[in-house]
Amino acid sequence: VMKETKLLPITQESIDLAAEYLRQGTIFALPTETVYGIAASAYNGEAVKDIFRAKGRPQDNPLIVHIAQMDMLYDLAREVSEDALKLAKAFWPGPLTMILPRGEKVADEVCAGLDTVGIRWPSHPVAQKVILESGLPFAAPSANLSGSPSPTNARDVYQDMNGRLALILDGGESDVGVESTVVSMVEDTPVILRPGYVTKEDLEGVLEKPVALSHAILEKLGEGETARSPGMKYKHYAPKADITILDGTFAQFKAYVEAHAGQDPACLCFTGEGAKLAPFPCVEYGREGDGADQSKHIFRSLRALLKSYVGGLLC
C-alpha cells in the first residue's frame, strides 16, 4: 500500500507526470470517454501485475490495450483483417475494443497468456495525450476494486483506490459512462464478447454481414473455457446489494416498491420519476427511452444509491 494517492487536475505538468509514470512502470488512473482506467505500459509485465494487485483482480482476466495512432495497432496485433480496418475507420477513436491475434511485444500479463489481444483507440484527449507523450500504448481495466461498479469520475476512483495508486488525473465525468463493446475479429464471423456502447446493429451496419453474440454474455463460461475479454469470466460492475430489475410501467414499478416497503428498498429510476416515489431513497439515472443518457449515468447512480440503500435495490 502506498501513501496517499495524488489527485491532480488536468494540466501539462500532470500529463507529463503520467507519461513519465507510464515509462517508469508506475501505475496511475486517468479518464477515458467510457470509464476511468488504471494504466500501465502494455509492454511492462511487472507494472501490469501491479494493476491486478491494486484492483484485487484475478490475473487470468485479460486487459484492453489503448492506442492513439494506427501505427501502434500494427505493433500490438500480428494480423489486422479488412473487417477490423472497416470497424476501426467507423468507430475509432471511440468505445469499441477489437480482439485480434497478438503481437510479440505485448506482455503476457496483459493477455492472461492468450494468443489474442484486445485493442481500442480512446477518444478522450487526456488518454490520447498520455499515450502520445509517453510513446507507449497502455493496458487498462476500469479503476475500481474488482467487482464493484466502474468509476466515471475521479472522486469515485479516489474512494476505491486511495493508497493503491500513485496518481489520479481528474478529467471530470466520462462522456459515455459504460465500458466499450468488445468484439472478436479472430474468426470469419465477428463475435461480441462484451456488450457496450456500440451495438450489434451498429457493427452489422458497417460490416454488412452478421455479427454473433457470445454465449458467455448470458451464461457462465463452461469448465476449462478461457475468457478472451474482460467481463466474461468474473462478476463485474456489481453493487454489493441484492438488485431487482423491474420491466413495466412506472405505476407498476411504484406499486412494487410500496408492496416491498418492509424490506427498506432504495430505487433507481428514470429522470423525473424520483420525486413521485417519496418516502423511498431514489436516484435518477437518465431520461426514459434515451439509452445514451442512461448509460452515461448508470454506474455513478448505482454508486450514489449504494450510499443510501438499506435492504435491496429496485431498478
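Ala154 lies in helix 7, where helices (DSSP H or I runs of at least four residues) and strands (DSSP E runs of at least two) are numbered from the N terminus. This is a predicted model, in which local features need pLDDT of at least 70 and side-chain atom pairs count only at pLDDT 80 or more, while totals for chains, interfaces and linings use all residues. Residues are numbered from 1 along each chain as its sequence is written, and side-chain values use heavy atoms, with hydrogens and water left out. The secondary structure of the protein comes to 10 helices and 15 strands.

**Overall figures**

- Of the 315 residues of the protein, 52% count as buried, a term that stands for under 20% relative accessible area, with exposed meaning over 50% and partly exposed the range in between (1.4 Å probe, protein chains only).
- Among the contacts (heavy atoms within 4.5 Å) with a separation of 6 or more, 65% are between residues 24 or more positions apart.

- Ala154 counts as buried because its relative accessibility is 1%, and its C-alpha atom is separated by 7.8 Å from that of Leu7, a residue 147 places away along the chain.
- Leaving aside neighbours within four places in sequence, Ala154 is in contact with Leu7, Tyr36, Ile168, Leu169 and Asp170.
- Asp160 also has its place in helix 7; with a relative accessibility of 12% it counts as buried, and, not counting residues up to four places away in sequence, Asp160 touches Asn144, Leu145, Ser148 and Arg303.
- Thr152 lies in the loop between strand 7 (138–140) and helix 7 (154–161), and it counts as buried because its relative accessibility is 0%.
- The side chains of Thr152 and Glu173 are joined by a polar contact of 3.4 Å, a polar contact being a pair of N or O atoms within 3.5 Å of which, within protein, one must be able to donate a hydrogen and the other to accept it, while residues adjacent in sequence count only if both atoms are side-chain atoms.
- Beyond the residues up to four places away in sequence, Thr152 touches Thr34, Val35, Tyr36, Gly172, Glu173, Ser174, Gly177, Phe299 and Arg300.

**Helix 2**

- The buried residues of helix 2 (residues 45–55) are Gly45, Ala47, Val48, Ile51, Phe52, Ala54 and Lys55, and these buried residues pack against strand 3 (37–41), helix 5 (108–111), strand 7 and helix 7.
- At the start of helix 2, a side-chain oxygen of Asn44 comes to within 3.2 Å of the backbone nitrogen of Glu46, and the helix is followed by Gly56, which has a positive phi near 70°.

**Helix 4 against helix 8**

- Helix 4 (residues 82–91) and helix 8 (residues 200–207) pack at an angle of about 115° with their axes 10 Å apart, where axes are lines fitted to C-alpha atoms, for helices over the stretch in contact, and angles run from 0 to 180 degrees between N-to-C directions.
- Where the two helices meet, Asp83, Lys86, Leu87, Ala90 and Phe91 of helix 4 face Asp202, Leu203, Val206 and Leu207 of helix 8 in contact.

**Aromatic rings**

- A search of the whole structure finds three aromatic pairs, that is, rings of Phe, Tyr and Trp (its six-membered ring) with centres within 6.5 Å, counted as stacked if the planes are under 30 degrees apart, edge-to-face if over 60 and tilted for the rest.
- One of them joins Tyr21 and Phe28, whose ring centres are 6.5 Å apart and whose planes stand at 40°, so the pair is tilted.
- Tyr21 counts as buried at 11% relative accessibility, and Phe28 is buried too, with a relative accessible area of 0%.
- The charged end of Lys276 sits over the ring of Phe250, 5.4 Å from its centre, the criterion being NZ of Lys or CZ of Arg within 6 Å of the ring centre and within 35 degrees of the ring normal.

**Backbone exceptions**

- Most residues other than glycine have a negative phi, and most peptide bonds are trans.
- A cis peptide bond, with omega about -10°, joins Trp92 and Pro93, and Pro93 lies in the loop between helix 4 and strand 5 (96–101).
- Glu208, although not a glycine, has a positive phi of about 55°; Glu208 is found in the loop between helix 8 and strand 11 (212–213) and counts as exposed at 72% relative accessibility.
- Asp264, in the loop between helix 9 (250–259) and strand 13 (266–269), has a positive phi near 50° and is partly exposed, with a relative accessible area of 43%.
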